Amino acid sequence: MKYKYVGQSYIRPDAISKVTGKAIYLDDIRLPDMLHAAILRPQYAHALILNVDTDEAEKCVGVVKVVTGAGCKFRYGDNIKDLQPMAVTKVRYIGDPVAAVIADTPAHARAALSKIKVDYEPLPVYIDARDAMQPGAALIHEDMSDYWRLPTLKETPGTNIANTYHLHKGRGEEGFDEADVVIEQEFNFPLGSCAAIETHGSIIWFKEDRTIEAWSTSICPFIIREDLAHSYGMPIADVRVHIPDLGGCFGYKSDITTEQTIAWVASFVPGRPVKWVATREEDFTSTLLAHGIRTRMKIGAKKDGTLVALKSTIYHTAGAYADTAVNLTMASTHNSTGPYEFKHCDLTGYTVYTNTPAVGAYRGYGHQESQIATERMMDLLARKLGMDSLELRKKNFLSEGKVNAVGEIMWKHHGNLLECANRVEKMVFSKAKPREDDQYVYGRSLVTVMKSPKGAPFSTKGCYMKMNLDGSVSINMGGAEVGQGMRTVIRQVAAEALKIAPERIRVYTEIDTQYSPYEWQTIGSMFTTQGGRAIVRAADKLIAGLKKTAAQVLKTDEDYLEYEGDYIVLRNDPSIRVATKDLARGYITEDGITIGDLAQSVSDARLPRYSNPDKNGQGSIGVSYTMGAQAVELRIEKKTGKILVDHFYSVFDVGQVINPLQIRGSVLGGVTMAIGAALYEEVVFDKDGKITNPQLFKYHIPTYKEAVEQTIEFVETPDPIGPFGARGIGEHSVIGAAPAILNAVYDAIGADFYEIPLTPEKVKKALEARKESK
Amino acid sequence: MTEKLTFKVNGVERTVEVEPEMMLIDVIRDVLNLTGTKLGCDNSTCGTCVVVMNGKPIKSCNLPAAKAAGADLVTVEGLAKGMELHPIQTAISESGAVQCGFCTPGIVMELYGLLEANPEASEQEMSNALNKHLCRCTGYEPIRDGALIAQKMVQEQKKIK
């Protein structure tokens, strides 16, 4: 279907403020009488705190106050209340806040940190879930069972297992008795960082009027508001949270992260705002990390390639606090099927406390972490069956009529994965692979992927819409613009729904809980889907209101009227009409008497019938799916083992492209991040739990010269939930790169790898082994 | 123990009091309140802090402020003339090179330093310059596109002059 504004490229409304340096990010905010905080991090990753001596630090230049966790009585967290704003009796990871200095400048605050003396009694350190869940391991949270948690979560007392999630479909593991062939393998997606170019930061201000005002680098202002209100015993309405422009998120600015720590610090200097901005090192050590997922996977299949049974066990190195990891474990577990139907599933996810920073969201939310296993297993299985791996995939796609792991029936509108795969197949395999030469050996591979959101059933996105006196429209929503281009999407969807040019629609520039409609958090690639639906609903309500007034003006019935953007006309005689803008504040008649309501509307949208999982992990817990195919062409430099990605292909069924320029940008960036994870990125710990590479010159993210040529296309099978048929695409592009690269390396040199990052050293070893066996 | 420092910023001579341990970025952001210049890392890796000093793009996060004495500085705030954007800003805003925008001012200033001095810069020179900047959003292709459009626009502008 052809639309007027949807499907065209428009320049994002925030582009000008960003190229002129006028966009206001957290660290650009200056408030009257503002103080600055610096936070002391421990020398041990797991230790009892015996004593904290702040006397010397208190005397330093510019210092206003030194704060510790002593006396903190509350815990917080949305899923498990296992977090505290500052360590009280023990530290559980190397970035745990131990104390804070509040001073007149950031430099003075930092300078005083070294004067704080802390005595510790070290405890055993666990940096991997497998070690932490061994019987007899020292407990990271001794009182875990006393913590409040969602009723759907279950800890294992006396262990470090914060939650065990289980999904049972069909006959579960018993279903393997129907298989002719069974393969099993373990995979690892190590800890990484979202590493947005803007680090985390917050400003919190406890005011004398007993309100709190806060600013943060976050995509969940409403969660921050509720959590602070709850922790400090205040009405939610008395906490006001602002979200300025955000310098990237990629996941780790979702959920509540450092805000409670800064609030605790600021609560000691009521009346004055306190700002804290993470150094890059702290951004690695003391905010949320990513991934940390080991997947043990067993697949059973018939001789003809029909998949019958899947057993996945996810060991999640969740970090010192599991509140942000527990949903991620679940998403990774139930999406470990990839885009395939298995009649029988036995899927288990362990969320395990470790002495590492808490793990939270990262673009892809658990999908790439377990689908690295699924997509490698498809190639391993195809080899065992003597089958073409793409044929094997196609045979088992979650296509129309199939039932996925959580028991949802798949419909045509969930997307045409076969078309995506066929297109990529043609792009890659219609030409011959280059032959090995003196310098390089070449490989290529195609994978297919799927993603659903993992949110909360109550998660909704609100929209306030108002028409101004000249017919221009102002739209206010609670979604966070992190760079994804949400503001452009809002404008285009609203323009289409209201039949007016996008230039006449102005989209909000910051979130302020005092004015913004509620949104749980901007996650799960769901803004276009849910936010877009909310816009369509608000537009429908706005138009209905306009028609009601117009019916009075034109002396007819509402259903005889047609809304045409600039005018509302009588359907059977369009010469009888009223200008829409004249209805904006009600209609002013000749004698000044004004009739009708203000032209404004309120709406919101959830995913339809989105539910919690039942005790078997079954339920309407995906609802919206985006599927696609990705492929890589790479070469391996024989001398060094270095992998050079020559070309990357992506085709996704996105329902309807809203903005071609932006959607290409989204996929370009996602693929680049994912290639970074596959080839370079890992947050490395020594045995004591210290991070050895917490800087961007050590934790290498892809650079300009490493950018890869990409071909990106879209299939458009309209989605019935999203606006004008669109569905989510923000995260999906990151899923295929790692397994595609590992499979292509096998294609090149016949070596199987099961973990990333795949560094030149590892490949070089495999090349040497290959030489010996030749 | 502050000392006085005089330099030109965006065409205006300024004298400011600075602490001896201050880097140039601290003066730009915290003393002059020009917050368009960003800080993205701890050790001059990311390139968000780039400004143009005496015609050259430099990282302001590791240059002691005192070394800017007498210098001619341009920050991202100095590029647009009122409502009229510099061609580099126009090109970068239209090519898809802006997503979160945090790396953008540094990239704009890098290109400004490069193209004002050498409008005929080769693709290799452009690539070497842009390789000093980390971007986590775009996959760099739209930045390359924007830089090439910017170069053409700057060349046109110089011809007209």
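What follows is a short chat about this predicted model.

Visitor: What ipTM does the predictor give the complex?
Guide: Keep in mind that this is a predicted model. For chain B, the mean pLDDT is 97, and 100% of its residues reach 70 or more. For the complex, the predictor gives a pTM of 0.97 and an ipTM of 0.98.

Visitor: Which helix gives the largest share of the side of chain B that touches chain A?
Guide: The contact takes 44 residues from chain A and 40 residues from chain B. On the chain B side, the elements that give two or more residues are H2 (87–94), H3 (104–117), H4 (123–130) and H5 (141–160). The largest share, four residues, comes from H2(B).

Visitor: How many residues on that side of chain B are charged?
Guide: Sort the side of chain B that touches chain A by class. Nonpolar residues come to 17 and polar ones to 17. The charged ones number six.

Visitor: At what angle do H3(B) and H5(B) pack?
Guide: Two numbers describe a packed pair of helices: the distance between the axes and the angle between them. In this pair, H3(B) brings B:Ile107, B:Leu111 and B:Leu115, and these meet B:Ile143, B:Ala147, B:Ala150, B:Gln151 and B:Val154 in H5(B). By class that contact has seven nonpolar residues, one polar and no charged. The crossing is right-handed, the axes are 11 Å apart and the angle is about 40°.

Visitor: And how many charged residues are in the contact of H3(B) with H4(B)?
Guide: H3(B) and H4(B) pack at about 145° with their axes 10 Å apart, and their crossing is right-handed. The contact is made by B:Ile107, B:Glu110 and B:Leu114 of H3(B) with B:Glu125, B:Met126, B:Ala129 and B:Leu130 of H4(B). By class, that is five nonpolar residues, no polar ones and, for charged, two.

Visitor: Over to chain A: within what arc do the buried residues of H10(A) fall?
Guide: In H10 (residues 389–396) of chain A, the buried ones are A:Ser389, A:Leu390, A:Leu392, A:Arg393 and A:Asn396. They line one face of the helix, because seen down the axis of H10(A) they fall within an arc of 155°.

Visitor: Which elements do those buried residues of H10(A) pack against?
Guide: The partners belong to chain A too, and they include both strands and helices. The strands are S14 (307–319) and S16 (440–451), and the helices are H9 (367–385) and H11 (417–429).

Visitor: Is A:Arg609, with its positive phi, buried or exposed?
Guide: Most residues other than glycine have a negative phi. A:Arg609 is not a glycine, yet its phi is about 55°, and it sits in the loop between strands S26 (600–605) and S27 (626–637) of chain A. A:Arg609 has 9 inside 10 Å, so it is exposed.

Visitor: How does B:Asn10 count, with 16 C-beta neighbours inside 10 Å?
Guide: B:Asn10 has a positive phi as well, near 50°, and lies in the loop between S1 (3–9) and S2 (12–18) of chain B. Buried takes 20 or more neighbours and exposed takes 12 or fewer. With 16, B:Asn10 therefore counts as partly exposed.

Visitor: Is the peptide bond from A:Ile756 to A:Pro757 cis or trans?
Guide: Most peptide bonds are trans. A:Pro757 is in the loop between H15 (737–749) and H16 (760–773) of chain A. The bond from A:Ile756 to A:Pro757 has omega near -5° and is cis.

Technical notes. Residues are numbered from 1 along each chain as its sequence is written. Chains are lettered from A and ligands numbered from 1 in the order in which they are written. This is a predicted model: local features need pLDDT of at least 70, side-chain atom pairs count only at pLDDT 80 or more; totals for chains, interfaces and linings use all residues. Two residues are in contact if their C-beta atoms, placed from the backbone, lie within 7 Å. Ala, Val, Leu, Ile, Met, Phe, Trp, Tyr, Cys and Pro count as nonpolar, Asp, Glu, Lys and Arg as charged, and the others, Gly among them, as polar. Axes are lines fitted to C-alpha atoms, for helices over the stretch in contact, and angles run from 0 to 180 degrees between N-to-C directions. A crossing is left-handed if the near helix is turned anticlockwise from the far one by less than a right angle, and right-handed if clockwise. The arc is that of the directions from the helix axis to the C-beta atoms. pLDDT is the predictor's confidence in each residue, from 0 to 100.
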